[in-house]
Amino acid sequence: MLKINNLHAKVEEKNILNGIDLEIKAGEVHAIMGPNGSGKSTLASVLAGKEDYEVTEGSVEYDGADLLEMNVEERARKGIFLAFQYPVEIPGVSTTNFLKTAVNQVRESRGQEALDAVAFLKLMKEKMKLVEIDQALLSRSLNEGFSGGEKKRNEIFQMAMLGPKLAILDETDSGLDIDALRIVANGVNALKTKDNATIVVTHYQRLLDYIVPDFVHVLYKGRIVKSGTKDLAFELEKKGYDWIKEEVDATV
Amino acid sequence: MTFREEALERFRQTGLPSKKSEAYKYSPISGALKNIDLTGDARSNEVPIIDGLPERLFHTEGHHIVFVNGNFSRELSSDYRQIPFEAGNLTETFLRQHCKYNEDPFALLNHSSFRSGFLFKTGPGQQVEAPVIITHLFSGNGGPIQSHVKNVFVVQKNSSIQVVENFVALDNVEVFDTTSLHCTVEEGASMEHYITHTEKNTNQIHVGFSNVVQKKDSRYRNVTVSLDGKMIRNNLYVNLEAEGCHTDLYGLYTPTGKNHIDNYTTVDHRIANSSSNELYKGIIDDQASGVFNGRIFVRPDAQNTNAFQSNKNILLTENVTVHAKPQLEIWADDVKCSHGCTSGQLDDASLFYLCARGLNKQQARALLLKAFTSEVINEINIVPLRERLDKILETKLLKDVY
């Protein structure tokens, strides 16, 4: 589904990604871990199409097409979903407000019929249960005055509404207490099928107790320096990142 | 000398504002008036038959008072006998009582030259249910139209009223108008006052005045929505002359093309224990320009005043101009006052967020702009009026033509 080949990216003359190689197949869950500043969030943003980052080398193939040629909304319509680490607050715009347009844009690009108000509401009701989110919250200004847990639940709710092929969860566990973490993780797990894939970007192993990855990759200095199974995550939790840093820095 | 003669005399002395005039330095109205004969005759008040005109004029139910090119139109107005309160002519006594002179030359011009207008007076304790809707319709072919209208509202003790002023300049008619509304909101009374300019006229020069005097425990709310117009200047003066007053002022201006919209507001706290709140927002597109000049005075006797002011602008191109000038003059020492002002582009992070959900740039942009306007539009308490403005804004922001 996704083939990342030797990906380099920079922001404002600073190189952040220095040759990422990664292949993700349908039905898989990949965790991207790594110390702060290793490029995890940059990778997530580059895949979603954020324009602040400039790709200087390499390629990304998504469903056989050149992902880097697509603009942000095309990627979203073709099934890429980024759950933001810091969801923006937008005064005056409610989730319900923009989500109907979003859902119908995505449906249209898949050749599905647009949902009318009734069908949209029905879908909303169904997905609201999944992340235990209240309708009142969805009618309020987006993320304004939301708690950390509400913001992340809202992200996963939107994911449920849009039904992405490739979901990228950027530090979705940050700022969550254990209950919120469970709810968010349950939501993600419920959305998992054999046809879609998930990238879980996280600093801690904690989230991976709930969303069990098929593969774990460690990012350091803009490269994947180690890959393994979920056992690698346990090892990292126990030993921290320093031994990996030392290992890598020693070979350099 | 009569009220008018005195005003004319003063106007002759002051003349139109020069380039050096502090109050008009960003709005060169005098220059724009060069082609208009200020002593010209009243024009005809024929109304053309245009599709959709009734909807443009009568979208909101209420007591309609219509002026065509500055002349009262009995035909288009509601039957005055159905107006449930006093409505009469502006006599010399009323003018002297309710219309104070101020330093603005255009106000003097309005004083001396107004062709029509009325005095409206609610009964004590009367809650007027349907709004009074004053429409200023401008239309005609040929030379420029000049129009001067003055209305006076006295909202008597413990009564309440909603007043709408709609400005409709058809067919890109060339028009210069001064229009003033003088309001006295008496003890315990409440007035809501809405002003709308909704036509994309590129030949309209408008100078409007709202002169408000608030008495004890009164409420006054003003929402001024100027969507477009060649040169629009809204002057708003609110004098809080007693304790316990509250004032809410909201404004939205969205000029496009080479148009220019200027809001000049003055809130004068003269006595203790009153509060005012002001929010003006602008979206400036193409090569247009906008002005916000917000003066707040807190006089020595106005202790324990709360006065807040905020002005926010979104600049859609690199060729627009905004002049934002907050001006607080505080003589009392125990007060809470604040003002803030921002000008910038649409937030990139918000645009990215919405596009990452599948909205295209145009949709995301329109949604954010609409949200920006809603903070002002939602302050309009007359639902049909609010919905109409919402609809016009939606079309306008999705892309200009309406």
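**Cavities and contacts**

A: The structure, a predicted model, holds seven cavities of 30 Å³ or more. On a 1 Å grid over the protein atoms alone, a cavity is a set of points where a 1.4 Å probe fits but cannot get out, and lining residues have an atom within 4 Å of a point.

Q: What volume does the largest cavity have?
A: The volume of the largest cavity is about 100 Å³, a volume being the space filled by probe spheres set on the grid points, which are joined across faces, edges and corners.

Q: Which residues are the closest to its centre?
A: They are Ile195(B), Gly208(B), Phe209(B), Ser210(B) and Asn234(B), out of 14 residues that line this cavity.

Q: Which strand gives the most to that lining?
A: β10(B) gives the most, with four residues. At least two residues each come from β7 (160–169), β10 (204–214), β11 (219–226) and β12 (231–240) of chain B. Strands here are DSSP runs (E, at least two residues), numbered from the N terminus.

Q: How many of the lining residues are polar?
A: Eight are polar, five are nonpolar and one is charged. Asp, Glu, Lys and Arg count as charged; Ala, Val, Leu, Ile, Met, Phe, Trp, Tyr, Cys and Pro as nonpolar; and the others, Gly among them, as polar.

Q: Changing topic, how is chain B divided?
A: Chain B has domain 1 (3–345) and domain 2 (347–402), with bounds from an automatic or database domain assignment. Their C-alpha centres lie 25 Å apart. The contact (heavy atoms within 4.5 Å) takes 35 residues from domain 1 of chain B and 23 residues from domain 2 of chain B.

Q: What area do the two domains bury between them?
A: They bury about 2,500 Å², 66% of it on carbon and sulfur atoms. Buried area is the accessible area (1.4 Å probe) that two parts lose on being put together, summed over both.

Q: And how many salt bridges are there between these domains?
A: The count is four, a salt bridge being a side-chain nitrogen of Lys or Arg within 4 Å of a carboxyl oxygen of Asp or Glu. In chain B, Glu375(B) and Lys281(B) form a salt bridge at 2.4 Å, N to O.

Q: How many residues of chain A are in contact with chain B?
A: In chain A, 31 residues are in contact with 17 residues of chain B. The two chains bury about 1,900 Å² between them, 67% of it on carbon and sulfur atoms. Two salt bridges are found across this interface. Arg357(B) and Glu155(A) form a salt bridge, with their closest N and O atoms 2.7 Å apart.

Q: Which conventions apply?
A: Residues are numbered from 1 along each chain as its sequence is written, and chains are lettered from A and ligands numbered from 1 in the order in which they are written. Local features need pLDDT of at least 70, side-chain atom pairs count only at pLDDT 80 or more, and totals for chains, interfaces and linings use all residues, while side-chain values use heavy atoms, with hydrogens and water left out.

Technical notes: On a 1 Å grid over the protein atoms alone, a cavity is a set of points where a 1.4 Å probe fits but cannot get out, and a pocket is an open set with protein on both sides within 12 Å along at least five of seven lines; lining residues have an atom within 4 Å of a point.
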